[in-house]
Amino acid sequence: MSVLVYTENWDGKFKKLSLELVSYASSLAKMVGGSVTALSIGKVEQDELSALGAYGATNVLSVDDAPGGLDNQLYTSIITAAMEMTGSKVLVLAHNNTGKAIAPRLSVRLKAGLATGVTALPESVDPLVVPKKVFSGKAFAKVKILTDSAILTLAQNSFELTETGGSASIEAFDPGVDVAGVRTSIRDVQKQEGKLLLSDAEVVISGGRGMKSTDNWGPIEELAEVLGGATACSRPVSDEGWRPHEEHTGQTGKIIAPNLYMAFGISGAIQHLAGVSSSKCIVAVNTDKDAPIFEAADYGIVGDALKVLPELVTEIKAAKAQ
Amino acid sequence: MRILVCISNVPDTTTKVKFSNDNTAFDDSGVQWIINPWDELALTRTMELKEDASNPVSNVTVVTVGPAGAEPTLRKALAIGADDAIRVDAESGDAHFVAAQLASVVNDGEYDMIFCGIESSDYNGSAVGGMLSEMLDIPSVSAVSSLRIENGEAVITRDIDGGKEEVSVPTPFVGVVQKGIAKEPRIAAMRGIMMARKKPLQVVPAIEAEPLIHYQEYVMPEPKAPCKMIEADQVKELVNLLQNEAKVL
Ligand SMILES: Cc1cc2nc3c(=O)[nH]c(=O)nc-3n(C[C@H](O)[C@H](O)[C@H](O)COP(=O)(O)OP(=O)(O)OC[C@H]3O[C@@H](n4cnc5c(N)ncnc54)[C@H](O)[C@@H]3O)c2cc1C
């Protein structure tokens, strides 16, 4: 039984996220006894495509003349054609904006049960049962797929990359879909050029209302830069306009799972923790020793973030320099 | 133009979740119910669109799939400003079941714009809006963070992973909305609450629809080890622990 994985590209490049998906699909394929085909839509160089083989894809289907911009109906048709052509019973996508947009449509089109935000490999394959978070991270659920075919969207940063070696064979794929049916038209695209995306960052430095003012963000940005990370904030901070909305993390903002999350002047409200509690290591600095953030944190300092931050920048720079 | 806003009735976001029947069911005893936060933002934006006389919005309907216990949440949506409400009488099932009920409501009602939230804060499925659009065979735009009406079309900002796009889409379509679509959720005023009592709330029977997945069991996350506290004047020690114990630097 073959597993199809949709590997999204960004300006012709795959990101760690795409490789996580292939790694996951490859472990899953071993469990169900099959091989992995990756589907790529848009212009991607051959080398980049065949590199997916190193993570376990045996085949790559490449649709390189797709129109720009995501049209959910068109993508649904392309992926459906690839599922049919490969006879795949399981489809893996990312639980990002693209995956969330097309996986539900595919679920209806393919009559395949959909489990979203999956956090690990299945605990059984017949029937297929996968874990996911529910109630915004307050609990996990085991989701049983009731249909023959299944669609899984994988939560970002929840699966380790596994290099198996090898390179994939590449096949140009004509999905035979009609682009005349495309009804969404793209008027303008604004890319966050050259900036590490919050969802991709391994280190996230975040500030809350305890940072007092937008003028105090200098050391947060500096720390993020020193550690090669991204900056984030709590909701009131973006509501106040101290920081851009893209940085708002939590239940109603971005849900992230970096290796290191540092929270300065963030109380740790349950809605904030919903977005960050999967981080591997959480550091909190807060003047209030009873702030709930300390219940979620691994390391904590009771103190003034405005004083601790500059010292931390100095100490981390010193440690890095060694 | 007629707008349908799909409302999910969810536990208040501060709810401490509990499960019953050997961890196979959500225990809703003592739970406070609210409009799903993203649905509330969608409704807020819809009211803004309707109130701006330059937009041809004639009617706003809210719909939920759920038991009679979900009606106070629908009344709240009416108090915020929706004109009428529909409750599909069912214990809501998986996303596929819910989307099939909503599709049946849309087929009976002729709506130009249909809004769903990007996820519901209980099962975090991010599935109903997309499924609904596919069942209706109409376009969908996801991760919508702003929306206006221009020449009978919707002009939408949507988040893509790594940026934003402005797209336009003809009606009918399903908009799957997220943060940004409205600044703050609107709170019902006293007058709205009084008026909501008299607004129509129609109860319709559920149609037959298959679930595609089943929530088999719930598991609470492992309790976390207590936080290691470091004195405020020992920043160097924190760096040392991050580097050598947690190995995250
Ligand atoms: C439906 C709903 C959804 C929500 N979604 C989100 C969400 O997605 N994300 C989110 O973040 N919030 C969300 N919230 C809001 C959430 O409930 C909290 O209000 C918010 O997270 C608090 O932000 P904060 O910690 O920055 O501010 P505060 O709660 O004001 O906390 C500030 C903290 O800073 C500390 N402090 C003050 N001065 C200093 C100093 N000098 N040094 C160090 N510490 C200091 C204080 O002790 C305090 O703990 C949501 C709320 C609702 C109702």
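Predicted model: local features only at pLDDT ≥ 70, side-chain atom pairs only at ≥ 80, totals over all residues.
Chain A is divided into domain 1, covering residues 3-181, and domain 2, covering residues 203-321. Their centres, taken over C-alpha atoms, are separated by 32 Å, and the contact takes 5 residues from domain 1 and 7 residues from domain 2. The area buried between these two domains is about 460 Å², with carbon and sulfur atoms giving 38% of it. On the side of domain 1, A:Lys133, A:Ser136 and A:Asn157 supply 73% of the area buried against domain 2, more than any other three residues. Between the domains there are 0 salt bridges, although 4 residue pairs are in polar contact, and the residues with which domain 1 touches domain 2 divide into no nonpolar, 3 polar and 2 charged.

We turn next to the interface of the two chains. Chain A and chain B bury about 7,000 Å² between them, 56% of it on carbon and sulfur atoms, and A:Phe135, A:Arg187 and A:Tyr299 lose the most area on the side of chain A, together 12% of what that side buries. The count of salt bridges between the chains is 6; in one salt bridge, A:Lys142 is joined to B:Glu217, with the closest N and O atoms 3.5 Å apart. Helix α4 of chain A, residues 97-110, gives the most to the side that touches chain B, with 9 residues.

Technical notes: Residues numbered from 1 in each chain as written. Chains lettered and ligands numbered in written order. Heavy atoms only, no water. Domains from an automatic or database assignment. Contact = heavy atoms within 4.5 Å. Buried area = accessible area lost by both parts, 1.4 Å probe. Salt bridge = Lys/Arg side-chain N within 4 Å of Asp/Glu carboxyl O. Polar contact = N/O pair within 3.5 Å; in protein donor to acceptor, adjacent residues only side chain to side chain. Nonpolar A, V, L, I, M, F, W, Y, C, P; charged D, E, K, R; others polar. Helix = DSSP H or I, 4+ residues; strand = E, 2+ residues; numbered from the N terminus.
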